[in-house]
Amino acid sequence: MKELCKKMMRPALLIRVGCYFVLALAYNSVYSQVAVDPAELLQQAKSLHDYHPDSCFVLYEQAAKGFRQLPDLKGEIECRIGISDLYKNKGYYHRAFDELWDALLLAEQLKDTVSLITIYNDLGRLYAIYEKYPAAIEHFNTSLRFLKSLATSSRQEYTAMKNIYYSLSVTNRKTGRYATALVYLDSCMRTKNQHKLSQDNVQFIDAERGIIYLKMGKPKMARAYLERANSHFVSFAKSYRIVTSMFLGDIYAIQNDWYRANQLYSYSLESQEESNVHGDIKVEILKKLANSYQVLGQVDSAFKYQGLAIATTDSLFNTKSAVNSQLFEIRNKHDEQIRVKDEFIAAQRLIIERNKIRESRLMLLIGFMLVVMVAAMIIVSMKRKLRKSKLAAEQIRIQSAYDREKSRAVMEVKSKELTANTLQMIEKDRVLEELLQELKKKSPGSYASMKGKISKGNRDMWERFNKRFIEVDAKFYERLRDKHPDLTPTEQKHCALIKLNFDSKEMATLLGISINSVHISRHRIRKKIGMEREDNLESYIANIS
């Protein structure tokens, strides 16, 4: 018996343990979802953005998912902007554009001016990569307009202004407007100093200034700025050492120190391949490295890197590369030849079609003449019928207008008669009330009996009026209810009296209520109808038809 009990208890125990296990897993899953703070993930991603870009993708995506569940559009926008910047640095420009467009839609939905400033600035940078410089400058200026539209500016907004000036400087430098680029760079530094912004990014400004001086043919000044910036990027912002190392190599190449230039180009390429960012200048690095090997007499290496430059150009930039421009010219000529052949074939087909058309044109012409004759007969017949139809319609319109005018005149006469009779009843009621007051003074005993009879007559006054009003305008209440179904029966009575231009005192007498009650009812009617203070209630009700 004990063994039997044990066997029966074991399944129950297993089921109980299983339930506890499932509940524990569910609790742990819910707790883990709640415990992850998307704002904390976003901050982690931002802190690793320049140093460990590959790790940032996961953090940004997890944070964006958390913000969507909250929901928190502002946080999701920041994540999209961060992901776009990572894609841009890795050379996935179409994905970078996609992320920014998504962020732009969210920012416009949220009317988040601060995020719009960043988004338009980043869009300008992407257009600059594709050498669409007018579009880039337009986006930078849009970002600047949003920034200046803010009523107040914080350190964050001034930092954004500094970044926009920096972007405008880089774009103008790429278009050869070096003086303008330096002006924007000065504005960038002035904004930083005036508002005591962080000095963390001053090395980027130094690097850009060095690049501009190099382009202006001032290698000594350029070297001082670039070496100072590069020493910082080697230790801290490793991704940007790709750029500074490449331009430092240019300085040594100008000084004919090709060995040192080759070292810097190689270091720049290694850094780019290690971090997989700044793919937009990889082709330029490869070409400069190939050139340095050629000057140093290492032809095999020069040929190798020239081939890599061409391959990279085909995969990333297509017609943008100067190296492959001749290939694309050949490709365009080939396309032109194909187009000419296609046009020749199309012309031959056209001649064949024209011959077929000539063969059948006579038959078509005869058929067309027959169709025209039949159509003319049909048109004449239709015009005759249309003329008769118009004449009949005009007669009907005249008769309808006459009937409407007659009905309106009859309605107006009846309304006037009804108003006059009602006013006579009201006047009669007023005289009776005066007589009743005299009776109260002279014969109080008869007053009570007489007042009851008169009050009953007053209560019947509305019923008599309403019966005659319906005879005059039977559809008024129906039309009123169709337009404003929430009006009460009492308010509908008031509307009927307003239609006949009774004043508040006359309405109060006819309905047996106070003048104040009439005013309150009129106010409620206006509110339910949705009228403004300046709208005329009498005109509105008079036009209900």
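## A tour of salt bridges, ring pairs and surface patches

Start with Asp122, which counts as buried because its relative accessibility is 11%, below the 20% cut-off. Keep in mind that this is a predicted model.

Stop 1: Arg125 is partly exposed, at 26% relative accessible area.

**Stop 2: Arg209 and Asp186.** Select these two next. They form a salt bridge, with the closest N and O atoms 3.3 Å apart. Arg209 sits in helix α10 (residues 202-215) and Asp186 in helix α9 (residues 178-194), so the bridge ties together parts 23 residues apart in sequence. Asp186 counts as partly exposed, at 36%.

**Stop 3: Arg522 and Glu538.** Move on to this pair. The side chains meet in a salt bridge of 2.4 Å, N to O. Arg522 belongs to helix α21 (residues 515-529) and Glu538 to helix α22 (residues 537-542), so parts 16 residues apart in sequence are tied together. Arg522 is buried, at 18% relative accessible area. Glu538 is partly exposed, at 27%.

**Stop 4: a network.** Select Glu61, Arg80 and Glu99. Salt bridges link these three residues in a network. How many salt bridges does a search of the whole structure find? The count is 17.

**Stop 5: Phe57 and Tyr87.** Switch to aromatic rings. The whole structure holds 14 aromatic pairs. One of them is Phe57 with Tyr87, a tilted pair with 5.0 Å between centres and 50° between planes. This pair links distant parts of the chain: Phe57 is in helix α3 (residues 53-69), Tyr87 is in helix α4 (residues 73-90), and they are 30 residues apart. Both Phe57 and Tyr87 are buried.

**Stop 6: Phe97 and Tyr127.** Select this pair for another geometry. Phe97 counts as buried, at 13% relative accessibility. Tyr127 is partly exposed, at 22%. Now widen the selection to Tyr93, Trp101 and Tyr130. With Phe97 and Tyr127, they form one aromatic cluster.

**Stop 7: a nonpolar patch.** Turn to the surface. Select Leu362, Met363, Leu365, Ile366, Phe368, Met369, Leu370, Val372 and Met373. These residues make a nonpolar surface patch of about 940 Å². Pick out Leu370, which is found in helix α16. Leu370 counts as exposed, at 52% relative accessibility.

**Stop 8: a positive patch.** Finish with Lys383, Arg384, Lys385, Arg387, Lys388 and Lys390, which form a positive surface patch. Centre the view on Lys388. Where is Lys388 placed? The answer is helix α16, which spans residues 325-442. Lys388 is exposed, with a relative accessible area of 59%.

Terms used
Residues numbered from 1 in each chain as written. Predicted model: local features only at pLDDT ≥ 70, side-chain atom pairs only at ≥ 80, totals over all residues. Heavy atoms only, no water. Patch = residues over 30% accessible without salt bridge, like charges linked within 9 Å, V, L, I, M, F, W, Y side chains within 5 Å. Areas by Shrake-Rupley, 256 points an atom, 1.4 Å probe, with all protein chains shown as cover. Salt bridge = Lys/Arg side-chain N within 4 Å of Asp/Glu carboxyl O. Lys, Arg positive; Asp, Glu negative; His and termini not counted. Charge placed at Lys NZ, Arg CZ, Asp CG, Glu CD. Helix = DSSP H or I, 4+ residues; strand = E, 2+ residues; numbered from the N terminus. Buried < 20%, exposed > 50% of the residue type's maximum accessible area, 1.4 Å probe, protein only. Phe/Tyr/Trp six-rings, centres within 6.5 Å; stacked < 30°, edge-to-face > 60°.
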